[in-house]
Amino acid sequence: MAILQSTLPIFPGQDKRLDRLPGIAPLDPANWLVVDDAFAGQMQLRDRLIAEHAGDVHRLAGSAYPAAVELYRMVLARLPQLGHRLGTSDALRPDGVRVPLDPARPLLTLGRLVQEDLCILQPGPSGEHILTGAILCFPASWTLAEKIGRPLTRIHDPVPDYDGNIAARVQRLFDAMHPNRPLWRMNWNAYASADLYHPRREADPRPTPDGPAPYLRSERQCLLRLPQTQAVVFSIHTYVVDAANVDTSI
């Protein structure tokens with residue numbers, strides 16, 4: 001069965017700051033992580049993907065391990081605000097599932113606790129940020145295997161609008177980020193399928209629906225800098241809604 005949200009937090013055209021790349025706006029730190037009405041369904045799928053396809057949805061370079069541990073501690077501190085109950089060795093999710101707390105596997109553990117996919121980016125030899133770790137259960141037409149270890153410009157090669165000007169602006173943004181001032185953006189794309197796990201290799205053509213696409217897939221993407229390791233975290237909260245329920249005429 002399709003795992004759908006009943007609505008989106010924001011619709012296309014409602015916030016003009018998000019309309020053009022990179023479409024970044026300030027984020028209230030208290031609103032970084034979100035639990036919505038698709039939590040139970042999404043988390044059940046995340047549990048299954050992590051159990052059966054960990055090699056596809058998780059990567060972590062040794063250099064990124066300290067950042068992953070810092071992120072793990074930061075997220076755990078926020079879980080009670082999201083409705084989780086923390087014990088000494090496990091956490092009770094809002095859907096009633098107990099998840100063992102394993103700091104030795106920080107991203108795999110977090111992937112079973114929050115709806116957000118979590119990516120870690122750190123400066124490479126040239127200064128450009130590189131994807132060094134991720135728990136990515138819900139890829140939207142890309143694969144972690146093709147992006148891990150790559151710099152931002154290479155990651156965005158398939159994006160036509162991500163030109164040299166945008167790349168330079170994004171890198172300046174990454175360089176200037178402050179731990180207490182996270183940022184966010186939103187995107188919206190039509191999809192023929194409601195599948196949350198939607199990997200696609202760069203060389204594969206993107207399928208196009210016959211007629212109007214039945215689903216709108218949207219990502220609430222947040223950027224924040226970890227205060228100790230200074231790594232940048234890129235989080236992705238995925239929404240999929242019935243396109244018939246979305247008014248895009250605003």
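## Overall build

The protein has seven helices and 10 strands. Helices (H or I, at least four residues) and strands (E, at least two) are DSSP runs, numbered from the N terminus. Its radius of gyration is 18 Å, close to the 18 Å that the globule rule gives for 250 residues, so the protein is as compact as a globular protein of that length. This radius is taken over C-alpha atoms, and the rule is 2.2 Å times the number of residues to the power 0.38. Along its principal axes, the C-alpha trace spans about 50 × 45 × 35 Å.

This is a predicted model: local features need pLDDT of at least 70, side-chain atom pairs count only at pLDDT 80 or more, and totals for chains, interfaces and linings use all residues. Residues are numbered from 1 along each chain as its sequence is written, and side-chain values use heavy atoms, with hydrogens and water left out.

## The sheet

Seven strands form an open sheet in the order β1-β8-β9-β10-β6-β7-β2, with antiparallel pairing. β1 (25-26) and β2 (58-60) stand at the edges with a single partner strand each, so one side of each has no neighbour in the sheet. Two strands pair if DSSP finds at least two bridges between them. β8 and β9 run antiparallel and are joined by nine bridges.

## Strand β6

β6 is mostly covered, with six of its seven residues buried. Buried means under 20% relative accessible area, exposed over 50%, and partly exposed in between (1.4 Å probe, protein chains only). β6 pairs with β10 in the antiparallel sense over five bridges. With β7, β6 pairs in the antiparallel sense over six bridges. Look at I120: V233 stands opposite it in β10, and G133 stands opposite it in β7.

The hairpin of β6 and β7 has five residues between the strands. There, G127 takes a positive phi near 95 degrees.

## The nonpolar cores

The largest nonpolar core has 51 residues, and W32, L71 and L113 have the most contacts inside it. Such a core is a set of buried Ala, Val, Leu, Ile, Met, Phe, Trp, Tyr and Cys residues joined through side-chain atoms within 4.5 Å. α3 gives the most to this core, with seven residues. L71 touches W32, L107, L110, L118, L226 and V233, leaving aside residues up to four places away in sequence. Contact means heavy atoms within 4.5 Å. Another core, of 19 residues, lies apart from it; L121, W142, I155 and F234 are among its members.

The 14 residues of α1 should span 20 Å at 1.5 Å a residue, and its end C-alpha atoms are 20 Å apart, which agrees. The expected span is 1.5 Å times one less than the number of residues. The buried residues of α1 include F39, M43 and I50. They belong to a buried set that packs against α2 (54-57), α4, β6, β7 (129-135) and β10.

Helix α7 (residues 164-176) holds Q171. Q171 is buried, with a relative accessible area of 14%. Beyond residues up to four places away in sequence, Q171 touches G127, E128, H129 and L152.
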